[in-house]
Amino acid sequence: IEAVESDSPADKAGVLSGDILTRLGSRPISRVSDVTAAADDLTPGSSVPARLIRGRSPLFIGIRVPDGD
């Protein structure tokens with residue numbers, strides 16, 4: 001993660017610049033294009049599990065998908 005926009009769903013979930021996203025929902029993430037593909041599958045208003053690496057430690061969080069209003 002290069003940057004986290006203030007007040008974004010990622011910011012609210014505690015994602016930090018420098019974190020490495022390895023899974024979003026049921027999809028493994030290894031490239032930026034994987035994030036886009038995973039995001040296309042998300043349901044607005046739902047909470048999606050995400051797996052990050054922070055430093056050398058795994059971190060599991062939930063990210064609320066915006067309603068799209």
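**Exercise 1.** Find how many bridges join strand β1 to β2, and say in which direction the two strands run.

*Solution.* Keep in mind that this is a predicted model. Start at residues 20-24, which make up β1. Two bridges connect this strand to β2, and the two run antiparallel. For a landmark, look at Leu-24: across from it in β2 stands Arg-27.

**Exercise 2.** Examine the salt bridge between Arg-54 and Asp-19: which parts of the chain does the pair link, and is each residue buried, partly exposed or exposed?

*Solution.* A search of the whole structure gives five salt bridges. In this one, the side chains come together at 2.7 Å, N to O. The pair links distant parts of the chain, 35 residues apart: Arg-54 belongs to strand β3 (residues 47-54), while Asp-19 sits in the loop between α1 (9-13) and β1. Now for accessibility, where buried means under 20%. Asp-19 has 2% relative accessibility and therefore counts as buried. Arg-54, at 30%, counts as partly exposed.

**Exercise 3.** Do likewise for the salt bridge of Arg-31 with Asp-34.

*Solution.* The closest N and O atoms are 4.0 Å apart. Exposed means over 50%, so Arg-31, at 54% relative accessibility, counts as exposed. Asp-34 is buried, its relative accessible area being 15%.

**Exercise 4.** Describe the largest pocket: what is its volume, and which residues lie nearest its centre?

*Solution.* The space in the largest pocket is about 400 Å³. Its lining has 20 residues, and those nearest the centre are Ala-10, Leu-21, Leu-24, Val-35 and Ile-63. Next, sort the lining by class: 16 nonpolar, one polar and three charged. Finally, trace the elements: α1, β1, α2 (32-40), β3 and β4 each contribute at least two lining residues.

**Exercise 5.** Find which elements give two or more residues to the lining of the second largest pocket.

*Solution.* This pocket holds about 180 Å³ of space. Its lining includes Ile-20, Leu-21, Val-32 and Val-35. The elements that supply two or more residues are β1 and α2.

Key
Residues are numbered from 1 along each chain as its sequence is written. This is a predicted model: local features need pLDDT of at least 70, side-chain atom pairs count only at pLDDT 80 or more; totals for chains, interfaces and linings use all residues. Side-chain values use heavy atoms; hydrogens and water are left out. Two strands pair if DSSP finds at least two bridges between them. Helices (H or I, at least four residues) and strands (E, at least two) are DSSP runs, numbered from the N terminus. Buried means under 20% relative accessible area, exposed over 50%, partly exposed in between (1.4 Å probe, protein chains only). On a 1 Å grid over the protein atoms alone, a cavity is a set of points where a 1.4 Å probe fits but cannot get out, and a pocket is an open set with protein on both sides within 12 Å along at least five of seven lines; lining residues have an atom within 4 Å of a point. Grid points are joined across faces, edges and corners, and a volume is the space filled by probe spheres set on the points. Ala, Val, Leu, Ile, Met, Phe, Trp, Tyr, Cys and Pro count as nonpolar, Asp, Glu, Lys and Arg as charged, and the others, Gly among them, as polar.
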